[in-house]
Amino acid sequence: MSVRNLIDLNQLTLEELDDIVDMACRISRHPSHYSSACRDKLMATLFYEPSTRTQMSFQSAMLRLGGKIIGFDNPGATSVAKGESLKDTVTVLSGYTDILTIRHPVEGAAMAASLYSSVPVVNAGDGGHLHPTQTLTDVVTLRNVAHRTDNLVIGMCGDLANGRTVHSLCKCMARYGGNSFVFISTQALAMPDYIKDYVTACGCRYSEVRTIEEAIPYLDVLYMTRIQRERFANEEEYEAQKGVYVLDGKKMSLGKPDLCVLHPLPRVDEISYEVDDDPRAYYFKQTLYGMYGRMALIIRLISEHESRQPDKPQVDSGFVCRNPKCITQIETYLPPMSNDTPKGKVCAYCEHHSH
Ligand code: CP
């Protein structure tokens, strides 16, 4: 692979991504063949934010590969509670281990961590920004249940403003030929412009609608998401958005016979329990594909990282990120970095425009 860390799935070429997906499919068929692939290797899971699937699928993936794990999921019980910086925690833990996975509530935290790690860093979710291994999960699932990753009409429903899973998935699926998107959300929770611009730049079409009913008859994939309570400024704003979208049996009856319903989980109330028994509901199978995807990713990153140079930060000393949710606002020692886009400079950590 051309990368040492996995911060954004789009760091990989499609060929590299498909190689990992192929490997995940092979592992799912013969997991015992890989039971010592990471013997004597140690993974640290740094979870600054709650998680069930991502944390435990990474842990079970490493254990099933014959490796070992350390880590935390309660930063309050670590020296973070005494004020230790992200830089110092990562510098120390990367000295103990062979790979780090990090989930953090602040956008750009995984990229920041990668600057100070001597071993590969995997972004397990950074605030409302990206969740690349969820997207890997989704792609492995689509390969297995839809039998293709191109020429799909993909509906995304719910909190498209704050949902890092849909941001990552959109950026990834826009690279496969012939995909188009239907964004189903309220105006307040619409897909951010930078994702829509990316989709357009890839030559894909998208539309925005307000109801599941008007979109579902045309969809090959319906990707449901929960309203991200923890990302709202206050409870009133959350209350105004919660419960707007609920996928139930009646709405499912409008969908194609081969519709794939996915959800990154956890679910709150956006999919009725009656839908679980519909053969088109794949969200629990999706969680298993996630473990195989992460097994493949761990093998590739650990086996290849010796041959990769650490990423060199492209410091842009004049750049100031104005996103209040960016890691540069909290870990103020971080070097300012930017990337050029057709619409101007964006912060290299969180992808927000400078204006
Ligand atoms: N899909 C997902 O990220 O779930 P967790 O928050 O439980 O890890």
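His-147 is exposed, with a relative accessible area of 61%; here exposed means over 50% relative accessible area, buried means under 20%, and partly exposed lies in between (1.4 Å probe, protein chains only). The structure is a predicted model, in which local features need pLDDT of at least 70, side-chain atom pairs count only at pLDDT 80 or more, and totals for chains, interfaces and linings use all residues. Residues are numbered from 1 along each chain as its sequence is written, and side-chain values use heavy atoms, with hydrogens and water left out.

**Backbone features in loops**

- Most residues other than glycine have a negative phi, and most peptide bonds are trans.
- His-147 is not a glycine, yet its phi is positive, at about 65°.
- The position of His-147 is in the loop between helix H5 (132–145) and strand S5 (153–157); helices (H or I, at least four residues) and strands (E, at least two) are DSSP runs, numbered from the N terminus.
- Asp-40 also has a positive phi, of about 70°, although it is not a glycine.
- Asp-40 is found in the loop between helix H1 (14–29) and strand S1 (42–47), and it is exposed, with a relative accessible area of 66%.
- Leu-265 and Pro-266 are joined by a cis peptide bond, with omega about 10°.
- Pro-266 belongs to the loop between strand S9 (260–262) and helix H11 (283–304).
- Asp-276 likewise has its place in the loop between S9 and H11, and it is partly exposed, with a relative accessible area of 23%.
- In sequence, Asp-276 and Met-1 are 275 residues apart; in space, they are 37 Å apart, C-alpha to C-alpha.

**Helix packing**

- H1 and H5 pack at an angle of about 65°, with their axes 10 Å apart; the axes are lines fitted to C-alpha atoms, for helices over the stretch in contact, and angles run from 0 to 180 degrees between N-to-C directions.
- H1 is therefore roughly perpendicular to H5, a class that covers 65 to 115 degrees, whereas angles under 35 degrees count as roughly parallel, over 145 as roughly antiparallel and the rest as oblique.
- The H1 and H5 crossing is right-handed; a crossing is left-handed if the near helix is turned anticlockwise from the far one by less than a right angle, and right-handed if clockwise.
- Helix H6 (residues 164–173) packs with helix H7 (residues 193–201) at an angle of about 15°, and their axes are 9 Å apart.
- H6 is thus roughly parallel to H7, and the crossing of H6 and H7 is left-handed.

**Aromatic rings**

- The model has six aromatic pairs, where rings of Phe, Tyr and Trp (its six-membered ring) pair if their centres lie within 6.5 Å, and planes under 30 degrees apart count as stacked, over 60 as edge-to-face and the rest as tilted.
- The rings of Phe-181 and Phe-183 are stacked, because their centres are 6.1 Å apart and their planes are at 20°.
- Phe-181 is buried, at 2% relative accessibility, and Phe-183 is buried, at 1%.
- Phe-183 and Tyr-206 form a tilted aromatic pair, with 5.5 Å from centre to centre and 35° between the planes.
- This pair links distant parts of the chain, since Phe-183 is in strand S6 (residues 180–184) and Tyr-206 is in strand S7 (residues 206–209), 23 residues apart.
- Tyr-206 is partly exposed, at 32% relative accessibility.
- One aromatic cluster is formed by Phe-181, Phe-183 and Tyr-206.

**Charges over rings**

- Lys-171 lies over the face of Tyr-198, at 5.8 Å from the ring centre; a charge sits over a ring if NZ of Lys or CZ of Arg is within 6 Å of the ring centre and within 35 degrees of the ring normal.
- Arg-267 lies over the face of Tyr-273, at 3.9 Å from the ring centre.

**Cysteines**

- A disulfide is a pair of cysteine sulfur atoms within 2.5 Å, and by this rule the count is zero.
- Cys-38 is in no disulfide, and the nearest cysteine sulfur, that of Cys-25, is 18 Å away.
- Cys-38 is buried, with a relative accessible area of 1%.
- Cys-260 is in no disulfide, and the nearest cysteine sulfur, that of Cys-25, is 14 Å away.
- Cys-260 counts as buried, at 3% relative accessibility.
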